[in-house]
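Me: I would like a close look at one part of this model, the place where two chains meet. Please keep to that part.

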Amino acid sequence: MKRRTMRAVAIGLTIASCASLSACGSDTTSEGATSDFPKRTIEMVVPYAAGGSTDAVTRFLVDLIDKQKLLPKRIQIVNRDGGSGSVGLTQVASSKPDGYTIGVAQSTIVTLQPHVQKVAYEYDSWDALVQLSTAPKVLVVKSDSPFKTAEDLIAAAKAKARSVRVSQAGNLTDTDLAIRSIEDRTGAEFVRVPYESDAAALTALLGGSVDAQMGSGATVAPQIAAGKLRALVSSGSKGSKLFGDVPTAVDLGVGDEITTNQMIVAPAGVPEDVKRVLVDAFVKATKSKEFAEFAKANSREVAIVDEAELATQLREEYDRNASFEDAAGG
Amino acid sequence: VDIVSNLLDGFTAALTPASLLAALAGVLIGTLVGVLPGIGPLGAMAMLLGLTPTIGSTHALILFAGIYYGAAYGGSTTSILLGMPGEASAVMTTLEGHAMAKQGRAGPALSIAAIGSFVAGSLGLVGLMLLAPPLSDLAVSFGAPEYLLLVLGGLLLLVFLTPGSTMRSLFMVFLGLAAGTVGLDTLSGEPRFTFDSVDLAQGLGLAPIIMGVFGLAEILRSVADSERVTVGKAPALRELAPTRSDLRRSARPILRGSGIGFALGLIPGGSGVTSTVVSYAVERRIARRNKRPFGNGAIEGVAGPESANNAGATAGFVPLLALGIPFSSVTAMVLAALLLNGIVPGPTFIDDNANLFWAVIAAMYVANVMLLALNLPLVGLFTRVLAVPARVLMPCVLLLTLIGVYATNNSMFDVFVMACAAIVAYALGALNFSMTPFVLAFVLSDVAEDSLRQSLILSQGSLSIFIDRPWSAAILALAFLIALQRLVLARIRARGLGLVQHEEEE
């Protein structure tokens with residue numbers, strides 16, 4: 001550890017001596033990207049703190065790529081937390097497009113944050129290379145709750161506005177968007193109670209402070225399995241069976257598909273052959289048996305979407321989220 | 001009998017060479033990051049997270065638990081020696097601990113801190129082992145109104161505890177709460193006081209603030225005050241061990257601190273810090289009642305908060321292991337290590353992974369013993385630091401502090417924050433403002449604000465939520481009784497002395 005700390009310190013000092021992080025990256029990389037990519041370690045920016053769900057799934061994949069030797073060089077994870085992901089992705093956008101600096105992103109960083117906060121990028125400042133997996137949200141109640149189905153809960157909220165309290169992980173997070181979409185589609189009005197994390201929103205539900213929670217699958221699934229919670233509806237894609245018989249909001253016609261996706265991004269202009277090497281490695285790892293198990297345990301669905309289709313998807317999402325321009329703080 | 005056999009199985013797993021190595025690595029790393037400024041247990045775990053799939057879930061848990069414990073032990077070292085707490089939970093230890101160091105009693109202070117940590121950690125483990133499932137249900141029954149009352153109670157206690165004028169302490173509390181609002185609002189995501197700066201949007205970091213107001217400001221003072229050539233007094237070798245009287249005086253504070261720390265540690269949101277404040281307040285009250293000196297190097301004031309801190313660290317594992325819910329960022333990191341090993345902890349974690357659970361419990365006992373064995377001999381080494389002249393020591397501390405704060409986030413901005421905090425703290429310190437309430441209010445500001453807003457959203461604006469809920473009503477009633485008792489006491493005293501005094505201040 002001593003060595004590790006020292007190395008961290010040494011790296012820190014090296015970086016300090018460069019004018020800026022991005023300048024540092026481009027100064028030291030003079031070789032152009034060629035088909036023998038990668039020739040050295042690839043840096044993968046995770047724009048969230050270590051330990052979150054996107055961080056965990058990305059680390060798992062990177063570890064698989066390493067174990068299965070899908071790339072000749074290692075991928076080094078770098079956590080750059082802040083600004084709901086915008087800080088880390090700004091760093092990716094401004095780095096040299098040679099494939100040695102890539103990032104992982106949830107689509108909201110790209111399609112929502114530019115609408116609600118001042119960010120130094122546009123929704124198309126990167127090439128979104130591939131979408132790998134998605135994690136739907138799920139609306140849960142305690143198992144002794146009088147609400148047996150999503151219809152029960154929605155009916156109660158419509159019968160008396162603001163009579164049903166739903167906890168979620170902060171304003172304008174995916175969990176918030178998922179519950180808002182139910183409000184938009186059905187006219188129900190909930191009391192949306194923002195918490196600082198999914199775990200805190202879950203604690204509030206278990207402790208009886210709120211009537212329901214819109215939570216990420218990974219957080220609530222173990223509680224459902226243990227019989228503490230009942231899932232009413234998920235925000236997954238049409239017909240998704242990720243939560244067994246639990247219908248999706250799209251199936252019931254009470255909401256939209258809102259998932260936290262995991263995609264690989266790179267600064268715009270990375271050569272095609274380099275992109276292909278990267279995408280191949282990540283797609284192979286995502287399609288592996290090991291990942292399937294991890295995904296199941298973490299309520300995640302493999303959902304591979306290629307670059308062209310992903311661009312369309314992001315454009316639509318970006319336009320749709322324009323309605324949130326004034327929603328920050330609401 | 002079941003528990004005994006489970007625990008024996010656990011020890012069989014925990015005493016393998018690999019497990020022992022993981023525990024040893026954990027406690028060493030933890031002690032190191034606890035002692036060094038800047039990087040805390042969270043940073044160390046984040047750096048090692050990538051290693052966890054390789055070493056497997058059992059060893060990863062043991063490693064992380066070791067780091068967590070080690071940091072809780074190590075955090076008190078700089079508080080006592082230099083008056084510079086490495087983390088928020090060690091701030092209260094500074095008050096009596098550093099005063100002891102100045103009197104040449106750093107040895108006993110450090111020893112008692114280690115012994116208290118050991119006892120509290122071990123007692124906490126018994127609680128975790130026997131009561132995790134029922135306690136976890138209790139833990140989730142607390143909600144936003146209770147967090148708020150607890151934090152407010154802690155801050156008010158702090159105002160009364162801080163020597164000097166109440167108005168000044170109150171001012172520092174408000175300043176701390178205000179500083180805590182800078183950055184993106186946790187609940188709404190809205191930027192506040194950021195002036196469109198990406199750096200400010202991150203908020204002011206805890207490490208730069210603590211290092212600034214305690215570390216750098218202390219260094220500034222030592223430069224300005226040329227009279228002070230040494231930071232403390234290096235004790236003679238035979239004065240390293242606590243005396244029989246030290247041990248006797250510490251025994252009860254350690255037990256009380258363990259109880260307070262464990263109970264409050266079950267409640268999410270800032271409880272670790274609050275429990276050290278409560279423990280300090282309790283010890284001061286008892287010392288006053290027994291006409292013992294307090295406030296100028298009383299060992300009880302080290303024993304209590306240090307024990308509370310460690311028992312709270314153990315209690316933090318209860319909701320994680322029994323429910324799969326992390327209440328703090330450090331336990332969230334432990335959860336991530338499990339996730340990366342394909343284990344998703346939930347309410348059935350202990351049943352589904354009994355072997356893992358008991359191995360980890362056993363490993364925590366082992367880590368505690370290791371830490372005691374590691375820390376007591378180190379006391380001699382650490383106290384030698386005080387023999388170093390200030391003109392040599394302070395520049396070294398300055399350098400370490402700068403590197404530590406910079407390296408935590410590789411951020412030059414954090415260094416600026418530290419410098420500004422130090423200048424403000426130096427100026428306010430010269431005007432007799434205490435920085436303790438400022439830092440603790442800063443630490444607790446997020447919980448205070450979020451839980452206030454959540455409470456009022458839940459009740460749709462009605463304050464009755466604080467009375468309707470049994471726990472919050474109980475906390476309010478307790479606070480009311482204490483306030484009443486203080487008022488009556490003050491009245492009696494005022495009548496006795498013929499003048500109204502500031503309650504318990506000198």
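How many salt bridges does the rule find across the interface of chain B and chain A?

Reply: The rule finds 1 salt bridge across the interface of chain B and chain A, in a model that is predicted. It joins the side chains of A:Lys228 and B:Asp137, at 3.3 Å from N to O (a side-chain nitrogen of Lys or Arg within 4 Å of a carboxyl oxygen of Asp or Glu). Between chain B and chain A, 9 residue pairs are in polar contact, both residues at pLDDT 80 or more (N or O atoms within 3.5 Å, one able to donate a hydrogen and the other to accept it; residues adjacent in sequence count only through two side-chain atoms). On chain B, the elements that give two or more residues to the side touching chain A are helix 2 (17-35), helix 3 (41-48), helix 6, helix 15 (329-340), helix 18 (390-409) and helix 20 (435-458) (DSSP runs of H or I, at least four residues, numbered from the N terminus). Helix 15 of chain B has the largest share of that side, 5 residues.

The contact involves 50 residues of chain A and 46 residues of chain B (heavy atoms within 4.5 Å). Together the two chains bury about 4100 Å², 66% of it on carbon and sulfur atoms (accessible area, 1.4 Å probe, lost on being put together and summed over both). Of the area that chain B buries against chain A, 13% comes from B:Met47, B:Leu340 and B:Leu458, more than from any other three residues.

Residues are numbered from 1 along each chain as its sequence is written, and chains are lettered from A and ligands numbered from 1 in the order in which they are written. Local features need pLDDT of at least 70, side-chain atom pairs count only at pLDDT 80 or more, and totals for chains, interfaces and linings use all residues, while side-chain values use heavy atoms, with hydrogens and water left out.
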